[in-house]
Structures are given as C-alpha cells and as structure tokens.
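Please keep the structure in view while reading.

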Amino acid sequence: FSISTYNKMWADAQKDLDIQLCKERGEFLQPEKDHVKVFKLLATSYIKYMQIFRHLETAHDQLVHQQKQAVIRQVLDGVIGRILEVKKEMVKLENSEFHYIDDILEDLKLLPEDTEVPIPRYFIKEKMEVLQEREKTLDQILLDAGLQVEEPVEAMTPEEGVRIIQVAERARQGRCRAAFMKRIYLKENKQKQPKLQVQMGPNPDDAATCIQKVWRGYIQRKKTEKMREEEMIFLGVSLPPHLETMSISQMHAGQVNTPQDEIQETHEEVSVKDQLRETEGLYIKKNFQDEISQCFIECRHIVGKFPDYPSEEAGGSITVFDSQKTAEQIAEELAAQREMALQKKDQKGKKENESKEKKKEKEKRGKKEEEEGWKMGPSNFLSIMEEGSSRYKDIWQNRDEQWDFLQDHDPELIKEDNRKDVEEEIRVQVDKVMQQELENLRLAVDGERSGKQKKGKKSEKVRAASVKIQMMSLAHRTFDSLYRELVEEGLLIKAKTVNLSDYVGEYNYVGTALLQAGVEPMPSLAHVRQLIALYGILPLGSQTVHEKAPLVKALLLAGPSGVGKKMLVHAICTETGANLFNLSASNITGKYPGKSGLLMMLHMVLKVAKQLQPSVVWIGETEKIFSKGGRKTDDEMNPKRLEKMLPKFLQAVKAQDRVLLVGTTTRPFDANLKPFCQVYQKIILIPRPDYSSRLGKYFKLVLWKHIILQNGGVITHLLSISCLANLSDGFTQGHIVQVVQDVLTELRLLQMTRKPLRTEEFVTPLARQDPVYKEEEESFK
C-alpha cells in the first residue's frame, strides 16, 4: 500500500512539473513591462515549484527502489536549482530578500506553511557513516588535547558493577530485616496489651457522607479539568483531541520508517561492470579502434597528413568521434587561420574601437530592455528537469509493478547506466594504443614525428612546478595533521545538534496590506528560516545545485543579541553535515601572528574545508573586522587584519567547492559599509519576534510553553502564559530562555511537586533584561 501511495505521489508531482515546464516555455519567454504582473508570475511559479519539491522529496525518501530514487534525485536537484533561480529573479525585481505573498496564497487557497522550504533527508542519510566516523575522530582529538568539556559515556568496569550490585543487595537485605523486626515488635506489643471490648464501627450515615464528599469532589475536579481543556483549545493554546491522535499516529509512522531505511540500505545495486567487460569489452574496443583508424585515413586523404592525436586534457578520442565531418572541419580551420591573420594586422585599430563599441552595445541593450520589458534569464536546470521527466515517461510511467513486491533492482537498467563507464575505461586504454599506432604510421608513411605532445608535456611540467612552489609551505604536511592542528587550535569546532525546524517563528500575515498602506514591514522569523534554507542548506547539501545555481559564497546574519544567529549557523551544519570553522576575532586572537601566519591559517582552513566539504566558515562579531578607523598594523590582537584577506579567501572558493562563509553581527552599522557589503553577498536581517498582533501573542504563548517544558517545568493553572506573553513584548527568544533558566534552578525543580510555578516568579528576572527598542530596530532596517 505504501509503495503504491508514494508511486502515485511521484506521478502527480511529475504531472505538475510538466504543466509548470509548459508554462515556462510560454509565459517566461514573452517580455513583460508590468512589474506587478511579473512579480505575481514569479511568486506563483515559486509556490508551484515548492509544492513539487515537497512531494518529490517525500517520494524520494519513502520509496525503496534505488533506481527510482536515482531518477527522482535528478529531477529533485533540477527543481531545487530552479527555485533558487526564481528566487534570484524575485530579489532582482524588488531589490529585497523578503517577499510578502499572502495575497497570492489567498488566491491559490494555500496556507503560509505550504511555502516552507523542506530539507531533503538524503543530505544526511547518504553520508551517515562518514559523519559518525568524523565525529568520533573529532571527539578523540579533543580528548587528547584536553579540550573536551563532556567526556563520552564509557561502560563501567566489572569491579564497579560488582560493587554497585553489592551495595544494592545489602540495602535490600537491610530493608527486609527492618520489616521483619517491625512485625515481631508489633506482635509482642499486641500480646502484652489487655483484651479490650470489641468496639462498634462508625455510624453508617457518617460513612455515607464521607463517601459522597469524596465522590462529588472527584466529579467536580473532572468537570473543571474538561472545561479548562475546552477553554485552552478555544484560545489556541493546546491541540484538540483528534489532532493529538494524529500526532501519535505520525510518531508511529516515524517508527515504521526505521525498518524501511534498513530495506533501502539492503537493496544495493549489483555491479555489472565486470560482466560488461567480459561480454562486450572486446566488441567495444574493436569498434573504437576501427573508427579512429578510419578517421585518421580520411583526414590524411583530404589534408595530406595525419592529424595530431588529441591530448587527455582535450578529451582524447571523444573529440574524434564528435567531429566526423572532415570537410567542415577543414573549412573551419581555414576560416580560423584567416581570422587570426586579420587579427594580427588590425590589433591596434581594434583595441581603440573596443571601448567605444562596448559603450554603444551597453546603451543599446539598456534601451532594448526598457522597450521590451522584463524577460526571464537563461536557466541551467530546465534541461535537467526535462531529461528527468523524459526518463520517467520512458521507463517508469507505464511500468507494471504489480508483482514486484520486493522492489528490487532491474539489471537491464543497471547495464545501461554502467555501459557508459565501461566505454570510458576502454576508451582510455584505446587512446594509449592508438596514439602509439599513429606514431608508427607517421614514421612509416611520412617519415616524421609529432612534436606537439612534447611541448604539452613541458607545459604540464611548468604548471606542476608552479603549483608545487605555491604549495611549498604545506607540501610536507599530511591532511590528518592539518585537521588535528585546526581542532587543537580551536579553529575547527564541534557543531551543536540543532535542526532548522527548532527555530520557531510565525509568518507575517499582513505584509501585503502594510506595503499597500506605504509601511515597510519588518521581516518575520519564518522568512528568515526560508532564506537560511535557500541560501545556506540547499546549495551545501547538493553538489549539482551548488555548481549550477546562483552562487552564494558569503552570508551575513544581522540582528540584536538573542534572536538566534548562532543557532542558525549550527542548524546549517546539522542539516547538511557540514564542518564548522570558527574564525571569529575573539577566537583567532593570539593565533598565527603576522601576515604570513594569517595566510597560513586561511590556507589551512580552505584546504581542509574543500577536502571535507560541505563546510561552513563562521565569523562572529564580524563588524569588528570592518570597523571604521582603528589601527592598521598587523598586530596579532587587531581583528582588522582579516579585512584584506577575506576577499582573496572568497576568490579561492569556486563553484564546485561547497564552502560557505557565514558572518554574524549585532552592530552592522558600526562597520565600514563599502568593504563590508563587498564581502557579504547576502545580508539577512533577523528581527526580534513581533508580538503586537494576535497571532504574535499566540507564538509567544507557544514559545514560553515550549521553553518552560524543555527546562523541566510543569505548567499549571497558577502560571498564566498569556500574561507572560504580554509582558515580554520587546524581548527576544534569548531573553526568554535566560529568564526561564534563571527561575528553573535545580532546587526549584525539586520543589515543583509541592510548590507549583507562579507567574510572579518570572516577572522579576524578565525586568532585569534589556529589551530591543524601536531606535535599534530602525538602525537595523
């Protein structure tokens, strides 16, 4: 049943994707001048892709068939990349990272939760063993260096276990002995006392009254509890019973997923490369040799000499197979030679006219764009989605799986996928053989040797030598030694296990209404959560998305203290399995002094980060690096020594390197804005929670309740959560956490049973905190 359900979910997602691709071919190719219409078109497309993304991710996670997962994964990467491209166009159109689309959601009859960015679970599942091994290594290094705060739990020794058992057994025997002696004592006292007359029992009327009193009190307490529960459900504080049963069923479904994951792991694809090499290897090799030989003979017949064999860097014999039309090749070569000759003659004239032509072209482009209007840019992911859709239609759409109970692999599909790899391996072998054969033909027919390959070898040697010179400083170091040094110096730290869903925050339901009234609304915490997922988690989790999507190398989280900036940094690492490097000014003080030491540190961090990607490089209090004025010396205590190095550090990060620089700041207005904004491409404002509206108060109710229960507290009718929600207007999540931790000490938790929590206990610690005032909010905006 579950297989058919998720197969249907996959089929429905593919249908929606085909409809969306058809719309893109029609609507996005036509220029549009009305910006409101363009934004509505982009926002609708964004929402549709997000729904498709959610369904594909669920199907990918729940389906057991690994070949199905491979097809879904391809489409899933394409959809993720397309979402990022649409988001880029929305930002470019509105010049803002935050968009308010509540009116469009209302037209589509959707909830704001439908725009929540799902985190693909395969980010962690696929490399769980690697992450566990890496965590063990990190713990061991920290233990060896004496930096581990909490040592891992170890099994007790046999001697300790025997001692605990002896203590428990002696205590049990003592209790039994005391009970036995008590019975003997009572028996002796009973025998010594004189026999008294048998007294009559209590009056029946008094007994009936006592029973009625107890029963009526019990019934009234039940009625009061039921009334209180109905009131809490009406106010939205607690869930109704049918939703609670759903949550229990969802927990049961999560437990069922555990054996399903085990089934997915056991269904590993059987490698058939060896079989292909044995059965088809000779045939493929002979075909390659015949085609290359025929190409050489035809080229000599037309040109008059044998061609140079393509090098491995150029692709080897692939270039020969891709260029079978020799006549067109010759025409193109002659045309290229003529163009080169003309270029050498007219170089001076062209250099002078280049700048003028560029200016004219820019002016023409600007005028054309103004006349034509907005038009969607080219996409790197439409072809990926179309290819995945075609594979689904060709293989899986009409496939009869009625009898495939085990959902095992299909060997024919595996052969098709592995045949390309076998052909590439054989092609490399054929290239070596045919290269030597071409040399022999030259000697036998033309009596000459090729000299281009030698030049290539020399150039390769020169390049290798230059690389060696650049890497001389770390050439003698092993990767393990670099990793250990960064951990011991505190630059590579252990990320806390925090999920993005733990960052609780509500949506701004009146953003569009405020914009229409001319008021710029503050971004909601749900918007912040979405941007962290789009710019931080999704590109780091997928190599294809990171290489082809709009590249974001640096991300800045700005907001007052206590809004969860560090928590979001740790959430990025938790959701993607990334390593966390701490290059905060306070952390690098006194380490690697001087310019050479700083270069060495950044080079080590970059090398380890690329090797163990994905990686996150975190710089806390980053405004100190770009502070206005101050000392310009290379003093080891000066945080500004990183200012000139960060742009070079980002230049060394390429599209294929899943490395993200994340800065956090509580005072971005203290920085020199020009270099500050040149380093950080994306700046995300994280405001304090807005509690002014009714929905905001509900969020505060949930926040207070969640934090109190998380710290071991018990909520009773003596504790008014709604009162605390009103009192905490202007305070951040960090302030609330600090207040709860100050109240719920170990001693207070022990007194919880006989002394329930009261509202007054939280008021005084809350008054000691400094709230976020409107002036500070305006400075952040």
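## The second largest pocket

The second largest pocket holds about 1,000 Å³ of space. Its lining is made up of 34 residues, and those closest to the centre are Gly562, Gly564, Lys565, Lys566 and Met567. The model is a predicted one, and the volumes and linings reported here are computed from it.

Six elements, namely α21 (565–576), α22 (585–588), β4, β5, α26 (694–710) and α28 (733–743), each give at least two residues to the lining of this pocket. At the level of domains, at least three lining residues come from domain 2 (490–685) and at least three from domain 3 (691–780). Sorted by class, the lining of the second largest pocket has 17 polar, eleven nonpolar and six charged residues.

Rolling a probe the size of a water molecule over the atoms shows where empty space is left. How many cavities of 30 Å³ or more are there? The count is four. The largest cavity has a volume of about 240 Å³. It is lined by 19 residues, of which His99, Ile101, Thr115, His527 and Gln530 are the closest to its centre.

Two or more lining residues of the largest cavity come from each of α3 (66–94), α4 (102–107) and α19 (525–541). The largest share, four residues, is that of α19. Domain 1 (3–121 + 380–397) and domain 2 (490–685) each contribute at least three residues to the lining of this cavity. Its class make-up is eleven nonpolar, five polar and three charged residues.

Of its 13 lining residues, Tyr535, Pro539, His546, Leu551 and Val552 lie nearest the centre. The elements supplying two or more residues to this lining are α19, α20 (543–548) and β5 (659–665).

Which element gives the largest share of the lining of the second largest cavity? It is α19, with four residues. Helix α19 therefore has the largest share in the lining of the largest cavity and also in that of the second largest cavity. By class, the lining of the second largest cavity has eleven nonpolar and two polar residues, with no charged residues.

## Aromatic pairs

The number of aromatic pairs in the model is eight. One of them joins Tyr122 and Phe123 in an edge-to-face arrangement, with 5.1 Å from centre to centre and 80 degrees between the planes. Both Tyr122 and Phe123 are buried.

Another edge-to-face pair is formed by Phe626 and Tyr680, at 6.4 Å centre to centre and with 70 degrees between the planes. The two residues are 54 apart in the chain, and the pair links distant parts of it. Phe626 sits in the loop between β4 (615–620) and α24 (645–651), whereas Tyr680 sits in the loop between α25 (673–679) and β6 (682–685). Phe626 and Tyr680 are both buried. Together with Phe676, these two residues make up one aromatic cluster.

Helix α23 runs over residues 594–611, 18 residues in total. From its first C-alpha to its last it reaches 26 Å, close to the 26 Å expected at 1.5 Å a residue. Its buried residues are Gly597, Leu598, Met601, Leu602, Met604, Val605, Leu606, Val608 and Ala609. An α-helix has 3.6 residues a turn, so residues three or four places apart point the same way.

The loop between α23 and β4 contains Pro614. A cis peptide bond, with omega of about 5 degrees, joins Gln613 to Pro614.

## Backbone exceptions

Most residues other than glycine have a negative phi, and most peptide bonds are trans. Asn95, in the loop between α3 and α4, has a positive phi, near 55 degrees. Is Asn95 buried or exposed? Its relative accessibility is 70%, so Asn95 counts as exposed.

Lys109 also has a positive phi, near 60 degrees. Lys109 lies in the loop between α4 and α5 (122–125). Lys109 counts as exposed because its relative accessibility is 77%, where the cut-off for exposed is over 50%.

Notes:
Residues are numbered from 1 along each chain as its sequence is written. This is a predicted model: local features need pLDDT of at least 70, side-chain atom pairs count only at pLDDT 80 or more; totals for chains, interfaces and linings use all residues. Side-chain values use heavy atoms; hydrogens and water are left out. Rings of Phe, Tyr and Trp (its six-membered ring) pair if their centres lie within 6.5 Å; planes under 30 degrees apart count as stacked, over 60 as edge-to-face and the rest as tilted. Buried means under 20% relative accessible area, exposed over 50%, partly exposed in between (1.4 Å probe, protein chains only). On a 1 Å grid over the protein atoms alone, a cavity is a set of points where a 1.4 Å probe fits but cannot get out, and a pocket is an open set with protein on both sides within 12 Å along at least five of seven lines; lining residues have an atom within 4 Å of a point. Grid points are joined across faces, edges and corners, and a volume is the space filled by probe spheres set on the points. Ala, Val, Leu, Ile, Met, Phe, Trp, Tyr, Cys and Pro count as nonpolar, Asp, Glu, Lys and Arg as charged, and the others, Gly among them, as polar. Domain bounds come from an automatic or database domain assignment. The expected span of a helix is 1.5 Å times one less than its number of residues.
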